[in-house]
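Visitor: Could you show me the model and explain the terms as we go?
Guide: Gladly, here it is.
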Amino acid sequence: MSVQSTFNRASKAQGTQPPKKGPLGFDLEWRPNYKKGQAENPVALVQLSNPTTILLIQVSSMQKFPDKLKALLGDPQRIKAGVGIKYDCQKLHKDYGISTLCCVDLSLLARSVDNDRWKGKYTNPLGLSRLLETYESYSLAKGRVSRSNWEANLSPIQQEYAANDAYAGYVIYARLIAMAQAMLHIPSPDCYTFSVVNGMMWDRFGMVEWSPANPLYDPGPPPPPKEPKERKPRDAPKVALSIPTGAQSNPTTIPQRFRPRERGNFTSNPHVSRFTSFGAGVGSSTNHQRYDSAHIEHRRDMTVDPHPDTTSRFNQSNSNHRGRRGRRGYRTPMAAHDNRNPTTT
């Protein structure tokens, strides 16, 4: 598909007039935000296309919105066709206070004209590239240029991208309208045509409030319900260990690993932890006692200096500052400093 583009700078765009009859492909571009949470930038570029001319009007470089362009967008006799045109027209009103009349949403038009191909909810959007591939067998190139700065001087790549979007809107509209004329029951234009006046959606003449609906549209069968996810089987319960016969009547003879758990009870044994065990394991009272005794023996070994005659800076430091942490991270007992370097008589 060849693109016939005419790029108009700010000084020339206001005096340019497109043809007075026929539909127009319509699209907008604006500079994106690169930080999350920032407000959208205003519209920078307005694209219009007919069979012979493509206008790229950079309104961001003008002191005010062109009056002739404002009158063209507000003309109810001029069709402006595009994909997602509702949001574009609402943004144009938000940024410049412009009302756009007689807008055609190509997604709604495609669903109204080619209902056998497009199923699902009537208001589900269809992308411009998808429509172009379906009806023109042409792939519309997309890339980083769509996220470029449209307020700066437009590069040739930006001009080609913007011109293709506007021209593709016109081509798809012409193809779908030709299909509609061949239908037995031609869908009403009110099913896909509307106007945006003061940011609100009205009919194509701007007289009655409008919402997208088509009583002849068949959405097709509902999608099949999602299959429930299979739950993973739980692990089989562990087999309880058998308790020796005769131990049930005498709890003191039951080994500790078979005793019921006691939670939150104080123990009277001063050699174990203040709380009783929560079952066998590291937290049991027996293991507490074993751990405490082993820890005491280890601390006791640390108090004996294997080299009493060696006087190092480390030993001198510990002898001067009692109670500091020793070489292996344990707090050296105060009494151990007196025996670390014994004096000989």
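Guide: Let's begin with Glu-136 and Arg-175, which form a salt bridge with their closest N and O atoms 3.4 Å apart. This is a predicted model, where local features need pLDDT of at least 70 and side-chain atom pairs count only at pLDDT 80 or more, while totals for chains, interfaces and linings use all residues. Residues are numbered from 1 along each chain as its sequence is written, and side-chain values use heavy atoms, leaving out hydrogens and water.

Visitor: What makes the pair Glu-136 and Arg-175 a salt bridge?
Guide: The term asks for a side-chain nitrogen of Lys or Arg within 4 Å of a carboxyl oxygen of Asp or Glu. Glu-136 and Arg-175 come to 3.4 Å, so the pair qualifies. Glu-136 lies in helix α5 and Arg-175 in helix α6, so the bridge ties together parts 39 residues apart in sequence. Helices here are DSSP runs of H or I with at least four residues, numbered from the N terminus.

Visitor: Why is Glu-136 called partly exposed?
Guide: Buried means under 20% relative accessible area, exposed over 50%, and partly exposed in between (1.4 Å probe, protein chains only). Glu-136 has 29% relative accessibility, so it counts as partly exposed. Arg-175, with 35%, is partly exposed too.

Visitor: And what makes Asp-114 buried?
Guide: Its relative accessible area is 12%, which is under 20%, so Asp-114 is buried. The side chain of Asp-114 meets that of Arg-117 in a salt bridge at 2.8 Å, N to O. Arg-117 is partly exposed, at 48%.

Terms used. Helix = DSSP H or I, 4+ residues; strand = E, 2+ residues; numbered from the N terminus.
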